[in-house]
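Please open the structure in your viewer and keep the selection tool at hand. At each stop you will be told what to select, and then what is there.

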Amino acid sequence: MPFTTPPRPVDVASLWPELAPLARTAVRLHPRRGEPTLDQSSIGGPLLWPEDEPWPTCAAPHEWDVLATLDEVEEHRRIMARAWGPDGTGPLNYSTEDGDRRDLLNEIQTDRTRRTAFLTEPAALLPVAQLFTRDVSGLPLSDRFDLLQVLWCPYDHAEDYQPAVHLRWRNTADQPMAAALPPADTLVGFADYVPNPCTVTPEPVTEYPDFGLLPPDLAGRIEAHERITDNFFYRELALAPGWKANGHGSEWMLIDPFDVRCECGAKAKPLLNAASRRWGSATLVWIPLEDGDRVEDAVEIIIGRGADLQIFHCGTDPAHAPVSIMV
């Protein structure tokens, strides 16, 4: 089913024509729980993987909150979904069996002494996103690759309280490929870093830069307009919330915006916004028309205390590491 973003209640480019040249197309992904296949664009689904390429791991020192296996995370979420009821609004109501099983899972996951014995090996990366150029228009390097895969390490690294991101750029005609996922007994350090498998329905929308990245004179005039106009918030009109590719990225809420650079010094551009909540901090004016007034959290990841993880790419050399910032 397609999803349709309603028109913005205010066209900011009509109020400030200087914004028009700054417009970019973002592709909203609209993730929904499902069973994506290896040849579909997806969030948290199986990856189309070269048959002779081993599953990637991270050998850096890791920090964790609760150690759990992927199948334990999945079972815990099933229990919680049943407890919240079919419409997800509660109140919480556990069956006796579910309550006992939840207590056991919590006990297992918090037994760090026992679990740390399994951390002698590098950590398996988790699939985060698989995006085909045929589905997501405007993906970078599309003249060389037809598939982008985003993975991350499900642990924190020292002084970096977010998952470490890895990219794979693929030309699917180059070699035999098959479906791949990490084993179900893979340990993760943060259950909140495990995305649910979701299908995606890409939809292009127009975005404008975050307020903090605008030319100072223009930003000043917009700020003055906000002070005298009820219920006008530039950021909520300029930037689509939720999971999306390209565009202008996310709102910068935790830190002041800055010019993001690749390790090579080239300007880095937004590649993927991984959202803790589908709507982020935006108002509900971005809810697709097909959803009515329902807000759904399909992916169920949480970055930090509910931030987005904005992933940037170099755009010139796919071998360069991505830059990821909690915003």
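**Before you start**

What you have open is a predicted model, in which local features need pLDDT of at least 70 and side-chain atom pairs count only at pLDDT 80 or more, while totals for chains, interfaces and linings use all residues. Residues are numbered from 1 along each chain as its sequence is written, and side-chain values use heavy atoms, with hydrogens and water left out.

**Stop 1: the segment before helix 1**

Select Pro-2, which is placed in the segment before helix 1; helices here are DSSP runs of H or I with at least four residues, strands are runs of E with at least two, and both are numbered from the N terminus. Pro-2 counts as exposed at 57% relative accessibility, where exposed means over 50% relative accessible area, buried means under 20%, and partly exposed lies in between, for a 1.4 Å probe and protein chains only. Not counting residues up to four places away in sequence, Pro-2 touches Thr-201 and Glu-290, a contact being heavy atoms within 4.5 Å. If you draw a distance from the C-alpha of Pro-2 to that of Glu-74, you will find 27 Å in space for two residues that are 72 apart in sequence.

Now move to Thr-5, which also has its place in the segment before helix 1 (12-15). Is Thr-5 buried or exposed? Thr-5 is buried, because its relative accessible area is 13%. Its side chain makes a polar contact of 2.7 Å with the side chain of Arg-28; a polar contact is a pair of N or O atoms within 3.5 Å, and within protein one must be able to donate a hydrogen and the other to accept it, with residues adjacent in sequence counting only if both atoms are side-chain atoms. Leaving aside neighbours within four places in sequence, Thr-5 is in contact with Arg-28, His-30, Glu-203, Val-205 and Trp-286.

**Stop 2: the sheet that holds strand 1**

The bridge partner of Arg-28 in strand 14 is Glu-203. Strand 1 is also joined by three bridges to strand 15 (residues 244-246), and these two run antiparallel, with Val-27 standing opposite Ala-245 in strand 15.

Next, select the whole open sheet, whose six strands have the order 14-1-15-16-17-18 with antiparallel pairing. Strand 14 and strand 18 (323-326) stand at the edges, each with a single partner strand, so one side of each has no neighbour in the sheet.

While you are in strand 15, select Asn-246, which lies in that strand. Asn-246 has a positive phi of about 65 degrees although it is not a glycine, and at 10% relative accessibility Asn-246 counts as buried. Most residues other than glycine have a negative phi.

**Stop 3**

Strand 9 (residues 147-153) pairs with strand 10 over seven bridges in the antiparallel sense, and the bridge partner of Leu-147 in strand 10 is Arg-170.

**Stop 4: helix 2 against helix 3**

Select helix 2 (residues 70-84) together with helix 3 (residues 96-109). Glu-72, Glu-75, His-76, Ile-79, Met-80 and Arg-82 in helix 2 meet residues of helix 3, including Asp-98, Arg-101 and Leu-105.

**Stop 5: two exposed loop residues**

Select Ala-59 in the loop between strand 5 (57-58) and strand 6 (68-69), where Ala-59 is exposed with a relative accessible area of 69%. The C-alpha atoms of Ala-59 and Ile-287 are separated by 40 Å, and these residues are 228 apart along the chain.

Finally, go to Asn-231, found in the loop between helix 5 (216-228) and helix 6 (234-238). Asn-231 has a phi near 55 degrees, a positive value in a residue other than glycine, and Asn-231 is exposed, with a relative accessible area of 73%.

Technical notes:
Two strands pair if DSSP finds at least two bridges between them.
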